[in-house]
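Morning, everyone. Please keep the structure on screen while I talk.

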Amino acid sequence: MVSEYFSGLSTLKGSFVQTGADKKRMRGQFYVSRPGRFRFDYARPSRQIVVSDGRYLAIQDLDLNNEDRIAVNETPFRLLLRSDVNLIRDARIISVQESEDMIVLALEDRSPNTPGQIKLFLTTKPALELKEWVTRDAQGLDTRVEVSDLTKSIELDRNLFVIKPVGKHMTTP
């Protein structure tokens, strides 16, 4: 059911509130175009952009004029952004909790190159819909992202998913 939900999403946009391990909250707008492309534009005072062109994920800090890049296939989002989402095949499911109106699914990628975990929170009524996720990085730090105002299957400008160079960038080996 969850695999079908993500496979059925071609595009998605909405608002987000991100709470980091340090309890710092940031908000903004996000855009997804499957397979593999997404963008998070953080609202001021943050001047941060996280963008994936389908191959790389760039975390850009416009205040510091730098960016870090990593291959999308080395992030937990790879599982959800593939053209053919199949969590049974690609993920190790750690836990599933189901209530009358919510599914909580914790998983990690079967690939040894993809450290960390992702926990998905989806409402089931009136229809299955993503509400939030929590990622746990290799150091065990959690980042929570709550999403709202979701709009599916709309035309998105392809330029949203172009990684534009800023300052110096470092590629993670």
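One definition before anything else: contact means heavy atoms within 4.5 Å. Ser 3, for instance, touches Val 85, Asn 86 and Leu 87, not counting residues up to four places away in sequence. Ser 3 sits in helix H1, residues 2-7; helices here are DSSP runs of H or I with at least four residues, strands are runs of E with at least two, and both are numbered from the N terminus. Ser 3 counts as buried, at 14% relative accessibility. Buried means under 20% relative accessible area, exposed means over 50%, and partly exposed is in between, with a 1.4 Å probe and protein chains only.

Now the housekeeping. This is a predicted model, in which local features need pLDDT of at least 70 and side-chain atom pairs count only at pLDDT 80 or more, while totals for chains, interfaces and linings use all residues. Residues are numbered from 1 along each chain as its sequence is written, and side-chain values use heavy atoms, with hydrogens and water left out.

Next, the chain as a whole. Its secondary structure comes to 3 helices and 12 strands. The C-alpha atoms fill a box of roughly 50 × 35 × 30 Å along the principal axes. For 173 residues, a compact globule would have a radius of gyration near 16 Å, and this chain agrees, with 16 Å. That radius is taken over C-alpha atoms, and the globule rule is 2.2 Å times the number of residues to the power 0.38. Of the 173 residues, 45% are buried. Among contacts with a separation of 6 or more, 43% are between residues 24 or more positions apart.

On to the strands. Two strands pair if DSSP finds at least two bridges between them. Strand S1, residues 11-19, pairs with S2 in the antiparallel sense over 9 bridges. As one example, Leu 12 has Val 32 in S2 as its bridge partner. S2 and S3 also run antiparallel, joined by 6 bridges, and Tyr 31 stands opposite Arg 39 in S3.

Which aromatic residues sit on these strands and pair up? Phe 30 is in strand S2, residues 25-33, and Phe 40 is in strand S3, residues 37-42. Rings of Phe, Tyr and Trp (its six-membered ring) pair if their centres lie within 6.5 Å; planes under 30 degrees apart count as stacked, over 60 as edge-to-face, and the rest as tilted. The whole structure holds 8 aromatic pairs. In one of them, Phe 30 and Phe 40 are stacked, 5.6 Å centre to centre with 20° between the planes. Given where the two residues lie, the pair ties together parts that are 10 residues apart in sequence. Phe 30 is buried at 2% relative accessible area, and Phe 40 is buried at 9%. The rings of Phe 38 and Phe 40 have centres 5.9 Å apart and planes at 80°, so that pair is edge-to-face. Phe 16, Phe 30, Phe 38, Phe 40, Tyr 42, Phe 77 and Trp 133 form one aromatic cluster.

Phe 40 comes up again in the core. A nonpolar core is a set of buried Ala, Val, Leu, Ile, Met, Phe, Trp, Tyr and Cys residues joined through side-chain atoms within 4.5 Å. The largest one has 33 residues, and those with the most contacts inside it are Phe 6, Phe 40, Leu 87 and Leu 120. Leaving aside neighbours within four places in sequence, the contacts of Leu 120 include Val 2, Phe 6, Ile 103 and Trp 133.

Last, the backbone. Where are the cis peptide bonds I want to show? One runs from Arg 34 to Pro 35, with omega near 0°. Another joins Lys 125 and Pro 126, with omega about 0°. Pro 35 lies in the loop between S2 and S3 and counts as partly exposed at 40% relative accessibility. Setting aside neighbours within four places in sequence, Pro 35 is in contact with Leu 81, Arg 82 and Ser 83. Pro 126 is in the loop between strand S9 (117-123) and strand S10 (129-136).

Then there is phi. Lys 23 has a positive phi near 70°, and this residue is not a glycine. Lys 23 is in the loop between S1 and S2 and is exposed, at 66%. Ser 153 has a positive phi near 50°, again in a residue other than glycine, and is exposed at 53%.
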